[in-house]
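Good morning, and thank you for coming.

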Amino acid sequence: MTFFFEVLIGGLLSGVMYSLVALGFVLIYKASGVFNFAQGAMVYFAAITFVGVTEFDISPWIAFPISLIVMVVLGLVVEKVVLRPLVNQPQITLFMVTIGLAFFIEGLAQLMWGANVRGLELGLQDVPLEWVSERWGMSISKFDLAAAGVAAILVTSLALLFNRTRIGRALRAVADDHQAALAVGIPLQQIWGIVWGVAGFVALVAGLLWGSRNGVQFALTFVALKALPVLILGGFESIPGAIVGGLIIGATEKLAEVYIGPMVGGGIEGWFPYMLALVFLLVRPEGLFGEKIIRRV
Amino acid sequence: MKMMMKSALLGLTMLGVASTAVAQDTQFIPILSYRVGPYAAGGSGYFGGAIDYFNLVNATGGINGVKLSWEECETEYNASRGVECYERLKKKHGGASTVEPLSTGIAYGLLDRVAQDKIPMTTFGYGSANAADGKVFKWVFPVGTTYWSQAAAMVEYLGQKVGGLDKLKGKKIVHLYHDSAFGKEPIPVFEALAAKHGFELIKIPVAHPGNTQQSQWLQIRQAQPDYVILWGWGVMNPTALKSAAKVGFPREKMLGVWWAGSEEDVIPAGDAAKGYVSAAFSAPGTNFPVMQDIHKKIYGAGKGNLEDPTRQGSIYHTRGVVYGMVIVEAIRKAQDKFGKGKVMTPDQVRWGLEHLDLSEARIKELGAAAMFPPIKTSCADHEGSGMVRFQQWDGKGFKPLTPFMAGDKALVRKMVDESAAKYAAEKKITPRDCSKEG
């Protein structure tokens, strides 16, 4: 039974890492109705920029704001050059644009900083908590707990931003209808700029945590794949949904790998979350926390 | 600024093609490289090493006066792009002498094409192990070692660690592998050796790309194995090392495949990688005379291929240099038979690859003593060695633990012959009669 809980808790904590990436998707989707395919590339770009800056013997405490500025500038440039000319275009057009953007950002990151694999130490040790190991014989990582703390702070801040501020209300209005929002005087470009900037910040945090665990390398772009089932489950426009979806996906994929995997040859972690999300789609297409869409016909 | 200039050059490579000195009176070698994408670190180091060696050969007069030429094409480690690159380059500059894709996927894609085009393909340390049987695979050369030979050598090493192969009886060994053809390739050898020596083999797959492995490592912790063999690639490797640290599994008891044994695999894992052991088919370092020559004559002249010159002597760079040396030696061998100072045809280069005799003395002459094991190929044996060495990461570099050593060669050869015969039957290939070959 101890082993079951160890897998479960480990899975929940892994899920938090997926949620961190999913949050970036949610932010942009909420504000523009666009599924930002480039979010994984942004995570990689943010992390490699941070490490690249530190390679000039710059302290990580200074590298962080520099990287943040780079990400915000990137977001603003994307808004001005790519999205602004496409206001009121069909969503599929905007989605296709983000696919192109993903390739561009991946290439730009390698062009600027090279393609070498780098290590990243944040001072958070990825080792088990001793007192938990001694008392319950379970291995719970200090790093995972710290990541969960970071995610909790992020989610609380973003939830407050969206629900308790004028900007948040404007964001929600823009997400509902670009044209109507413009008609009542909401500065669409400014809102999109803010959102892409915040998404850049979330990408930086996710990139640092994932980069610290796996190394800063191109494969960071793949973490976006882990966020997709989380979004389907939690809903594309819900910040709490990203967290709850992450927890469910993290826990179920680990339990499935350990308990079902051996029966079918193992290695099911890659596709199991997608299958779960697919089943969930059939039952609740808008996700757990997504807005139910009702259309008059 | 220098970085930006080099980045711009990298950008040109990303566009698809980067070329260097090419002419029809040169021996042309297409380079199917990957310098961007998830496996860029390996591709840039390996092909950088090969090009550095080719440049060194050209700078010192070529092969009996014949200069080498090459043209790069970016594959991004993508099988379809690799095949496209091969098709684009195979007839250029008088035709390709030989091709090395450094990718199992691309190699499989080219298997039938190289036989049709009659261009020898090398697969240094990867690909299908049965290609070691030259009777069936006339145009494919897994020179040095295959995954099967490596798997056998790993078991041999573990046997030495526990005080003899007989002491492996009752031990538990986990095979933690990338859930792909690459990761599954050594399983038949591990299973055969588990049956022979009585150890328990626990197979645990990791789904691509392997950037989360918590459940696998909890399973490993529960199984309490004596050793874990890490058959990983790319991001899977540092993730495995970090995950091992997380569950408290000693890194000294982890044994990695050679694709999990480069600086790029351990540096991202930080302290979690200390003590980790991996296999290698060449030795890293800058002290070998050939590496010193490259440093002085190529990097000293500003012609080095590595974007970051501090990577000289790294695992991937030296592997690339060794690849370059073997190819040049094959061309030299062919010239000895077909005419010194002449450009060799692909078939003549194939003959050279089939008659390699890189003895310890010859390797020393090339300035690479102990950098790689002796290689002697033949019509029937396209591998020619089967030896690997084991090395340990101490936090700063890989230190050798053993000399180059082989595993159960007889068992591996028997399996190679059986598998190749099966392939020949499926593809309706009549195996060559090596007694009639020149």
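Let us begin with helix H7 of chain A, residues 166–176, in what is a predicted model. Its buried residues are Ala170(A), Leu171(A), Val174(A) and Ala175(A). Why do they lie on the same side of H7(A)? They cover an arc of only 140° around the axis, and therefore share that side. The face turned away from the buried side of H7(A) carries the exposed residues Arg166(A) and Asp176(A). As for what covers the buried residues of H7(A), the list includes helix H1 (2–32), helix H6 (142–164), helix H8 (178–183) and helix H9 (188–214) of chain A.

I turn now to the interface between the chains. Here 41 residues of chain B are in contact with 36 residues of chain A. On the chain B side, the elements giving two or more residues are helix H1 (2–14), helix H2 (40–59), strand E7 (200–206), helix H8 (214–223) and helix H9 (236–246) of chain B. Which of these supplies the largest share? That is H8(B), with six residues. Sorted by class, the side of chain B that touches chain A has 18 nonpolar, 15 polar and eight charged residues.

Next, the domains of chain B. The chain is divided into domain 1, comprising 2–145 and 284–376, and domain 2, comprising 147–280 and 390–409. The centres of these two domains, taken over C-alpha atoms, are separated by 28 Å. Between them, 13 residues of domain 1 of chain B are in contact with 16 residues of domain 2 of chain B. H2 and helix H12 (315–338) of chain B each supply at least two residues of the domain 1 side of this contact. By class, that side has eight nonpolar, five polar and no charged residues.

Chain B also holds an open sheet of seven strands, in the order E7-E6-E8-E9-E10-E13-E14, with mixed pairing. Its edge strands are E7 and strand E14 (398–400) of chain B, each of which pairs on one side only. On average, neighbouring strands of the sheet are turned by 30° against each other, direction ignored. Within the sheet, strand E8 (residues 227–231) and strand E9 (residues 254–256) of chain B pair in the parallel sense over three bridges, and Val228(B) stands opposite Met254(B) in E9(B).

Two helices lie across strands of this sheet. Helix H5 (residues 147–161) of chain B lies across strand E6 (172–178), E8, E9, strand E10 (277–280) and strand E13 (389–393) of chain B, and runs at about 135° to E10(B).

Finally, the backbone. Most residues other than glycine have a negative phi, and most peptide bonds are trans. By contrast, a cis peptide bond joins His208(B) and Pro209(B), with omega about 0°. Pro209(B) sits in the loop between E7 and H8 of chain B.

Positive phi values occur at Ala370(B), near 70°, and at Lys428(B), about 55°. Ala370(B) is in the loop between helix H14 (360–365) and strand E12 (375–376) of chain B, whereas Lys428(B) is found in the segment after helix H15 (409–427) of chain B. Are these residues buried or exposed? Ala370(B) is partly exposed, because 16 other C-beta atoms lie within 10 Å. Lys428(B) is exposed, because 6 other C-beta atoms lie within 10 Å. Thank you for your attention.

Terms used. Residues are numbered from 1 along each chain as its sequence is written. Chains are lettered from A and ligands numbered from 1 in the order in which they are written. This is a predicted model: local features need pLDDT of at least 70, side-chain atom pairs count only at pLDDT 80 or more; totals for chains, interfaces and linings use all residues. Two residues are in contact if their C-beta atoms, placed from the backbone, lie within 7 Å. Helices (H or I, at least four residues) and strands (E, at least two) are DSSP runs, numbered from the N terminus. Ala, Val, Leu, Ile, Met, Phe, Trp, Tyr, Cys and Pro count as nonpolar, Asp, Glu, Lys and Arg as charged, and the others, Gly among them, as polar. A residue is buried if 20 or more other C-beta atoms lie within 10 Å of its own, exposed if 12 or fewer, and partly exposed in between; C-beta atoms are placed from the backbone. The arc is that of the directions from the helix axis to the C-beta atoms. Two strands pair if DSSP finds at least two bridges between them. Axes are lines fitted to C-alpha atoms, for helices over the stretch in contact, and angles run from 0 to 180 degrees between N-to-C directions. Domain bounds come from an automatic or database domain assignment.
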